[in-house]
Amino acid sequence: QVQLVESGGGSVQAGGSLRLSCAASGSTYIYMGWFRQAPGKEREGVAAIINRDRTFYADSVKGRFTISRDNAKDTLYLQMNSLKPEDTGVYYCAAGQRVARALRPSDYNYWGQGTQVTVSS
């Protein structure tokens, strides 16, 4: 059974940092990504990774966020630095086996339950 479990969300002030983790079980996923959804907005791609080191980032987070994975631990990470209020939202971990566009939510098959990130000004 496929399962993705996020952790590490919380509340921080602008300029702070958070590290999200996603523990995966049930299969090995070639494509994994982080997505977020703010109230009243559509879910959007934040960062994605293919295999171990091919990464993709939304323009809004380039230079501030880093995605990585530890295949030995079946865990995906998102290091978020220099956080801004507009980074606030529910962050979801996702996985897929065939992804045409790495930051497109509809390309992913499996989703975690989400973790809240709140950045105050």
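A disulfide here is a pair of cysteine sulfur atoms within 2.5 Å. The views below come from a predicted model, where local features need pLDDT of at least 70, side-chain atom pairs count only at pLDDT 80 or more, and totals for chains, interfaces and linings use all residues. Residues are numbered from 1 along each chain as its sequence is written, and side-chain values use heavy atoms, with hydrogens and water left out.

**View 1. Cysteine 22 and cysteine 93 are joined by a disulfide.**
Searching the whole structure turns up one disulfide. Its two sulfurs, from cysteine 22 and cysteine 93, sit 2.1 Å from each other. The pair links distant parts of the chain, 71 residues apart, with cysteine 22 in strand E3 (residues 18-25) and cysteine 93 in strand E9 (residues 89-96). Strands (E, at least two residues) and helices (H or I, at least four) are DSSP runs, numbered from the N terminus. The link between cysteine 22 and cysteine 93 is left-handed, at -75 degrees about the S-S bond. Cysteine 22 is buried, at 0% relative accessible area, and cysteine 93 is buried with a value of 0%. For these labels, buried means under 20% relative accessible area, exposed over 50%, and partly exposed in between (1.4 Å probe, protein chains only).

**View 2. Aspartate 87 is a buried loop residue.**
Look for aspartate 87 in the loop between strand E8 (75-80) and E9. Its relative accessibility is 0%, so aspartate 87 counts as buried. What does aspartate 87 touch, not counting residues up to four places away in sequence? The list is Arg36, Arg64, Phe65, Ser82, Val117 and Val119, where a contact means heavy atoms within 4.5 Å. Aspartate 87 and serine 120 are 33 residues apart along the chain, and their C-alpha atoms are separated by 9.7 Å.

**View 3. The largest nonpolar core has 26 residues.**
A nonpolar core is a set of buried Ala, Val, Leu, Ile, Met, Phe, Trp, Tyr and Cys residues joined through side-chain atoms within 4.5 Å. In this one, Met32, Trp34, Leu78 and Met80 have the most contacts inside the core. The elements giving two or more residues to this core are E3, strand E4 (31-37), strand E5 (44-50), strand E7 (65-70), E8, E9 and strand E11 (115-120). Which element gives the most to this core? That is E3, with four residues. Zoom in on methionine 80 and you'll find that it touches Gly16, Ser17, Leu18, Leu20, Arg64, Phe65, Tyr91 and Val117, leaving aside residues up to four places away in sequence. Another core, of eight residues, lies apart from the largest one and includes Tyr31, Ala48, Ile50 and Ala94.

**View 4. Tyrosine 29 and tyrosine 110 form a tilted aromatic pair.**
Across the whole structure there are five aromatic pairs. Rings of Phe, Tyr and Trp (its six-membered ring) pair if their centres lie within 6.5 Å; planes under 30 degrees apart count as stacked, over 60 as edge-to-face and the rest as tilted. For tyrosine 29 and tyrosine 110, the centres are 5.8 Å apart and the planes make an angle of 50 degrees. Tyrosine 29 lies in the loop between E3 and E4 and tyrosine 110 in strand E10 (residues 110-111), so the pair ties together parts that are 81 residues apart in sequence. Buried or partly exposed: what are the two partners? Tyrosine 29 is buried, with a relative accessible area of 3%, whereas tyrosine 110 counts as partly exposed at 32%.

**View 5. Ring pairs link Phe35, Tyr92, Tyr108 and Trp111 into a cluster.**
Arginine 43 lies over the face of one cluster member, tryptophan 111, at 4.7 Å from the ring centre. A charge sits over a ring if NZ of Lys or CZ of Arg is within 6 Å of the ring centre and within 35 degrees of the ring normal. Arginine 19 lies over the face of tyrosine 77, with 4.0 Å to the ring centre.
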